[in-house]
Amino acid sequence: MHVETFVWIVTALVTVAVLLFDVVVVGRRPHEPTVRECVRYLVIYCGLAIAFGIGVWAVSGARYGGEFFAGWLTEYSLSVDNLFIFIIIMTKFAVPREFQQTVLLVGIVLALVLRAVFIGVGAAAINEFSWVFYLFGLFLIWTAVNLAREANQDDAQYDEPQLVRYVRKHFTVTDEWHGVKMFARENGKRAMTPMLLVVLALGVTDLFFALDSIPAIYGLTSEPYLVFTANVFALMGLRQLYFLIGGLLERLVFLSYGLAFLLLFIGVKLILHALHENTLPFVNGGHGVHGAPEIPIWLSLLVIIGSLTITAVASLIKVRADEKA
C-alpha cells in the first residue's frame, strides 16, 4: 500500500484538529456529558471510521480495506476492556464527575502519542528484522493466557504505578481538587494536584495498553498508515464510550475471555506469518516455511466479529440468568 507524504500530513493535521477542538471545548466547560451528547459523538466517530474504511477499500482494494476494519474493531474492543481500568483509576482517585471528561481527554492524547511512537518503532523493526513477528506472536499468546487467568480476579485490586508513588513520596501533593489544574498554591507553596496524579496513572496505563495493542494490530496489517488510523479512530470515541456504557461494562462478564481468544488467534497468525518470512538459521535452515498455513484477512475479520458477538451475547445471557436466580 503506497501512501503519499501529503496523505500522512493531512491525516496528522485532521487528528490534531479534532483533538484541539475537544481540548478547547472541554477546557472551557468541564462537565459530565449527557447520554445524548455521548451518542451523538459516538455516531459521528464510528461513521467517520466506517467512511474511512470504505474509502480505503475503494482506493486501495478489498485487502487493505479489510485490514483497516479488522484492525479498528480489534483496537476498539481492546479499548473497551481498557475502560475497566479507567473506571477503577477514576474511583481510586475520587475524580469528580465534572472533571472526568477532561482527565480522559488528556489520557487519550497521551495514548495517541505513545502509540505513534510504538507504531514507528514497530514498523522500523519489521522492515529490518522479519523475526520480530515471532516475538510479537509469542508476546500476544503470553498476554492472552494471562488475561484469561486474571478474568475472574477482583478488578478492585488496583495498585498505583511506581511513578505515582514516587511523586507522592518526593513532591508536595495536595488532596484538594483545584478544577482541572495540575498545579496549585497552598500555604504559599507550589503543589501538585490530584489531577496530575490521575494523568500520570493514565499515562502509565496507556503505555502498558500500547504494548498489547500495537503487536495485535501488526498481526492484522503491516501497513503503518492503517495501524495509525485504526488506533486514532478507536481512541476518538473512547471518552464518550466511558460515560455511555461505564455502568454496563460490568455486564460484559466474558469480555476478558473473548479478548484473550482474539489475542491468541492473532498471536498464532503472527507466528504463521513469521514462518513464511523466516530468516532465522535454526528454523528450516533460514528459509521460509511455505507449507505453513496462512490466515487470510477475510477470515480474520470474521473471527473478530464472531468472537466479539459471541462474547457479548454470552455475557448478557449469563447476567440475565444470574439475575433470575
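Visitor: Hi! What should I know about the model before I look around?
Guide: Welcome! It is a predicted model, so local features need pLDDT of at least 70 and side-chain atom pairs count only at pLDDT 80 or more, while totals for chains, interfaces and linings use all residues. Residues are numbered from 1 along each chain as its sequence is written, and side-chain values use heavy atoms, with hydrogens and water left out.

Visitor: Okay, salt bridges. How many are there?
Guide: The count comes to 3 salt bridges. The rule asks for a side-chain nitrogen of Lys or Arg within 4 Å of a carboxyl oxygen of Asp or Glu.

Visitor: Which residue does E75 pair with?
Guide: E75 forms a salt bridge with R115, with the closest N and O atoms 3.3 Å apart. This pair links distant parts of the chain, as E75 is in helix 3 and R115 is in helix 4 (residues 97-128), 40 residues apart. Helices here are DSSP runs (H or I, at least four residues), numbered from the N terminus.

Visitor: Is E75 buried or exposed?
Guide: E75 is buried, at 0% relative accessibility. R115 is buried as well, with a relative accessible area of 3%. Buried means under 20% relative accessible area, exposed means over 50%, and partly exposed is in between (1.4 Å probe, protein chains only).

Visitor: Where do D322 and K318 lie?
Guide: Both are in helix 11 (residues 297-324), 4 residues apart, about one turn of the helix.

Visitor: While we're on helix 11, at what angle does it pack with helix 10?
Guide: Helix 10 (residues 255-276) and helix 11 pack at an angle of about 165 degrees, with their axes 9 Å apart. That makes helix 10 roughly antiparallel to helix 11. The axes are lines fitted to C-alpha atoms, for helices over the stretch in contact, and angles run from 0 to 180 degrees between N-to-C directions. Angles under 35 degrees count as roughly parallel, over 145 as roughly antiparallel, 65 to 115 as roughly perpendicular and the rest as oblique.

Visitor: Which residues of helix 10 and helix 11 meet?
Guide: From helix 10, they include L255, F261, L262 and F265. On the helix 11 side, V303, I304 and L308 are among them. By class, this contact has 7 nonpolar, 5 polar and 1 charged residues. Ala, Val, Leu, Ile, Met, Phe, Trp, Tyr, Cys and Pro count as nonpolar, Asp, Glu, Lys and Arg as charged, and the others, Gly among them, as polar.

Visitor: Now helix 7 and helix 8. How far apart are their axes?
Guide: The axes of helix 7 (residues 194-218) and helix 8 (residues 224-236) are 10 Å apart, and the packing angle is about 135 degrees. That makes helix 7 oblique to helix 8. Their contact divides into 7 nonpolar, 2 polar and no charged residues.

Visitor: What does A234 touch?
Guide: Leaving aside neighbours within four places in sequence, A234 is in contact with W72, E75, Y76 and S79. Contact means heavy atoms within 4.5 Å. A234 lies in helix 8 and counts as buried at 0% relative accessibility. A234 and S79 are 155 residues apart in sequence, yet 7.1 Å apart in space, C-alpha to C-alpha.

Visitor: Last one: what is the phi of A94?
Guide: A94 has a positive phi of about 50 degrees although it is not a glycine. Most residues other than glycine have a negative phi. A94 sits in the loop between helix 3 and helix 4, and at 52% relative accessibility A94 counts as exposed.

Definitions and conventions
Helices (H or I, at least four residues) and strands (E, at least two) are DSSP runs, numbered from the N terminus.
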